[in-house]
Amino acid sequence: MTNKLLNIIFIFLLSFTGKSQTPFSSWEIGGFGGGSYYLGEINQSHFTPMNLAFGPIIRYNYDQRLNVKFALTFGTIQGKDENSSSSFNTDRNVSFKSDLMEISSVLEFNFFPFSSLDPKSHLITPYGYLGFAYLNHNPKININGRGYSGDLETEGKSYSKHLLTIPMGLGLKFRMNRFGIALDWGIRKTFTDYLDDVSTFYLPINSSGSNTQQDIGNLTQYSDVSDFKRGDKYSKDWYIFTGITFFVNLSKQDICRSFN
């Protein structure tokens, strides 16, 4: 079902980047800067903790309403159980961070006509988007303040560091001639519960897992938490990029266009 949905989105996006054009078709380039955070077992609050996110973007404006944006985005997510008001979380005592690299393609819909090629179009428009993305992540666990270690799979479960996700979000665009600014908040639907390396149960002491997995997986004050609940495997993790994009339209405003 997931692959079928991603294929539909992929075909839908490509249909707007073919040879067809309108009088307002154009390309834009720009750069995104802002923040990144995640929602999962170790953090359930929006906008905190926030980390730096940035990257270049390319946008194809099919017309004044429909655009396709391609973006490469780098960011970091993290969480600390010690910041939670839940006694279960503070007892679990996990702290993690993960560097993200995302390549995305999304279809944007402008609620008002918006184009630097049409001086009569709106100067401001809200917009929404939906698409697909490739994500590379690598969660690292803080070992009682001694630094972060990754690739440990502390619950003894293997999971991929390479994911397909579904970006969706809302924003607000402003333009001044060929230049523009977009304010953006976008959440990513993932199909994993391991962005934070926490999902199911603690490893049993006599399991086949390594001592390192067992020691780092159990950061509680208790010596034996074998098979106790560690996370919620039925609730998948999400990550968010939010910030501001500066962009410039590559087509001159007075360009002469002819169509059959």
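Reply: The lining of the largest cavity is made up of F32, I57, K69, A71, T73, S104, V106, Y129, D184, R188, F241 and T245. A cavity here is a set of points, on a 1 Å grid over the protein atoms alone, where a 1.4 Å probe fits but cannot get out, and a lining residue has an atom within 4 Å of a point. Keep in mind that this is a predicted model: local features need pLDDT of at least 70 and side-chain atom pairs pLDDT 80 or more, while totals for chains, interfaces and linings use all residues. Residues are numbered from 1 along each chain as its sequence is written, and side-chain values use heavy atoms, with hydrogens and water left out.

Now, where do those residues sit? Two or more come from each of strand 3 (66-80), strand 4 (95-110), strand 9 (179-189) and strand 10 (238-249). Strand 3 gives the most, with 3 residues. (Strands are DSSP runs of E, at least two residues, numbered from the N terminus.)

The space inside comes to about 130 Å³. That volume is what probe spheres fill when set on the grid points, which are joined across faces, edges and corners.

Key:
On a 1 Å grid over the protein atoms alone, a cavity is a set of points where a 1.4 Å probe fits but cannot get out, and a pocket is an open set with protein on both sides within 12 Å along at least five of seven lines; lining residues have an atom within 4 Å of a point. Helices (H or I, at least four residues) and strands (E, at least two) are DSSP runs, numbered from the N terminus.
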